[in-house]
Amino acid sequence: MMKFCNQILCLSLVLSLSMTTLSFAQTCSKYKFSSNNVFDSCNDLPFLYSFLHYTYDSSTGSLHIAYRHTKLTSGKWVAWAVNPTSTGMVGAQAIVAYPQSDGTVRVYTSPIKSYQTSLQEGDLSFNVSGLSATYQNNEIVVLASLKLSQDLGNGGTINTVWQDGSMSGNSPLPHPTSGNNVRTMSTLNLVSGVSAAAGGAGGSSKLRKRNIHGILNAVSWGIMMPLGAIIARYLRVAKSADPAWFYIHVFCQASAYIIGVAGWATGLKLGGDSPGIQYSTHRAIGIALFSLATIQVFAMFLRPKPEHKHRLYWNIYHHTIGYTIIILGVVNVFKGLGILSPKKEWKNAYIGIIVALAVVATLLEAFTWYVVIKRRKLEAKTAQHGASNGARSQYA
């Protein structure tokens, strides 16, 4: 059982760590604009099937751009922005575009002042000219010229944000707050052409924190807790495993709790760092998990002895809370996978782990009942045989 536990933990760590690489390869260098526009440089943006073509004049601070967003479905808006003050969404100076029912494309500027923005039209903190957009073959192309100030250029490096979302009539709806839609930030050096994910060359620091949060919680609540319950329920049947099963169970559940608390704390920190992005159900389940698990830990200090008259009621409480934690833990791992949107094979891998644990538990359940029933029959037969011998001795 311990070997099985170690194998599951190793597999889960490989699964979780591999969730940190999420991108796709594209190329923009050979693209030809139908309007015969030519740009000095271009970048394949790592998410949302987007590309940025640009020409930068460092002597004047003029930036001529073409933002392309491909593979668009109907009823979608797109946006590209420069953020003069930070690497995030708030403070971004955006250009928004969406196709209209008459076949034209509406394009306008919108300063982002809060996470609750509805992309209202407004002037940006710098001048924008030559604004136009086209929509053809599920691709929007936005053209614009930006006049960046000396400070905004920052040695040629700017913070960029790009995004897409759905429409409700002629009103843009909030963009999704999971998956690739929360990774669309980068810094771009307009002189060298070097682009990096906002927060570091290795990827967004916030994304790394999200992945760490996912790793800790998937391993603790999603794998170790169910494994600890399996150990407690089925190892105890073997008389030779007593009391070793208890200490293994306590070690597994205590480790899961400690790791889970660390994951819960990182989740609270992520929520505090992103006030405009809320995952209410995921957060509520996480708080419930932490609360129930903490109660479970402290209840261990009040555990009556096996022969105590209240032990039955304590067992009912302990099992009810324990199985509730397991169910909520697995559900919340799937909620987290939906938020992180890793590659499909990693979600399938976690499903495989859970299915494997369920199959093992089912087989052990059947075997346990077989052992228990056989043992009870043997004990009943032994008791009956003893009673018969006693009766014969009485009348001998």
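Here are a few notes on the salt bridges in this predicted model.

1. How many salt bridges are there to look for? The count comes to three. Each gets its own point or two below.

2. Start with Glu 139 and Arg 68, which form a salt bridge with their closest N and O atoms 3.2 Å apart. Glu 139 sits in strand β8 (residues 139–147) and Arg 68 in strand β3 (residues 62–69), so this pair ties together parts of the chain that are 71 residues apart in sequence.

3. Are Glu 139 and Arg 68 buried or exposed? Both residues are buried. That puts each of them under 20% relative accessible area.

4. Next, go to Arg 106 and Glu 121, another salt bridge, where the closest N and O atoms are 2.6 Å apart. Arg 106 belongs to strand β6 (residues 105–111), while Glu 121 is in the loop between β6 and β7 (127–136); the two are 15 residues apart, and the pair links distant parts of the chain.

5. Glu 121 is exposed, with a value of 56%, and the cut-off for calling a residue exposed is over 50%.

6. Arg 233 is in helix α3 (residues 205–235) and Glu 365 in helix α7 (residues 344–395), so here the parts tied together are 132 residues apart in sequence. Arg 233 is partly exposed, with a relative accessible area of 36%.

Methods
Residues are numbered from 1 along each chain as its sequence is written. This is a predicted model: local features need pLDDT of at least 70, side-chain atom pairs count only at pLDDT 80 or more; totals for chains, interfaces and linings use all residues. Side-chain values use heavy atoms; hydrogens and water are left out. A salt bridge is a side-chain nitrogen of Lys or Arg within 4 Å of a carboxyl oxygen of Asp or Glu. Helices (H or I, at least four residues) and strands (E, at least two) are DSSP runs, numbered from the N terminus. Buried means under 20% relative accessible area, exposed over 50%, partly exposed in between (1.4 Å probe, protein chains only).
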